[in-house]
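This report looks at charged side-chain pairs and their surroundings in one protein model. Please keep the sequence and the structure at hand while reading.

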Amino acid sequence: MKSVLPSLWNESDSPVISLQKEMDRLFQDFGRRLPAGTLFAMTFPAIDVDETETGLELTAELPGVAEKDIDVSVADKLLTIKGEKSAEKTVSEKDRQIRERSFGSFRREMVLPFAPEPGAVEALMDNGVLTVVLPRPAESAEQPKKIEVKCKA
C-alpha cells in the first residue's frame, strides 16, 4: 500500500519496505518447508484462558480427540496438556472406496501464575472442547507484613 505522505526515502531504499519484504519471504518459505500431511494445528491446540473469581478456567479446542487420549497434569506452576488424535474414515460406494486417516500428537505447556492444589483441578471434555478449571490455593493465614521505610541519616 502506497502512502500519500511524502517519504524520506524512495521506496526501493526504505528500510521498512526491505524489512517487510524479508518477513514476507520468511513466512512464505516456512509454509513451503512443512511436510505434506503435517497436522500443524494439532501440534499446538488453540487455548483460551479466563480469570474467574476463584481461579483460572482454560479451554482447549481438540476436535476428534477422545477423552481417553488426553492427559492433563499439573506440577507446581506448570500445566501440561498432551494427547494423540487417531481417526479413520472409510466411505464405500459402488466401484470406489475412499479411506481418510488423520493422526498426530500434541503437547501444550503453560506456566500458571499460581500453583493450584492438584486434587482440586478439574478437566471436562464436551464436544471436542476441553475445559480445565484451576482453583487458586487457599490464601495463607499470614497477612502481608508492612515494612517501615526509614530515612538514611
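## Aspartate 71 and lysine 82

Aspartate 71 is partly exposed, with a relative accessible area of 35%, where partly exposed lies between buried (under 20% relative accessible area) and exposed (over 50%), with a 1.4 Å probe and protein chains only. Lysine 82 falls into the partly exposed class as well, at 32%. The two residues form a salt bridge whose closest N and O atoms are 3.9 Å apart; a salt bridge here is a side-chain nitrogen of Lys or Arg within 4 Å of a carboxyl oxygen of Asp or Glu. This pair links distant parts of the chain, with lysine 82 in strand E4 (residues 78-93) and aspartate 71 in strand E3 (residues 70-75), eleven residues apart.

## Basis of the values

This is a predicted model, in which local features need pLDDT of at least 70 and side-chain atom pairs count only at pLDDT 80 or more, whereas totals for chains, interfaces and linings use all residues. Residues are numbered from 1 along each chain as its sequence is written, and side-chain values use heavy atoms, with hydrogens and water left out.

## Other salt bridges

The count of salt bridges comes to four. In one of them, the side chains of glutamate 51 and arginine 136 meet at 2.4 Å, N to O, and this pair links distant parts of the chain, from strand E1 (residues 47-51) to the segment after strand E7 (129-135), 85 residues apart. Glutamate 51 is exposed at 62% relative accessible area, while arginine 136, at 30%, counts as partly exposed.

Glutamate 109 and arginine 107 also meet in a salt bridge, at 2.8 Å from N to O. Glutamate 109 is partly exposed at 42% relative accessibility, and arginine 107 is partly exposed at 45%.

## Threonine 80

Leaving aside neighbours within four places in sequence, threonine 80 is in contact (heavy atoms within 4.5 Å) with Asp71, Val72, Ser73, Arg107, Arg108 and Glu109.

## The protein as a whole

The protein has two helices and seven strands, which are DSSP runs numbered from the N terminus (helices H or I, at least four residues; strands E, at least two), and along the sequence they follow the pattern α-α-β-β-β-β-β-β-β. Of the 153 residues, 18% count as buried. Among contacts between residues at least 6 apart in sequence, 48% join residues at least 24 apart.
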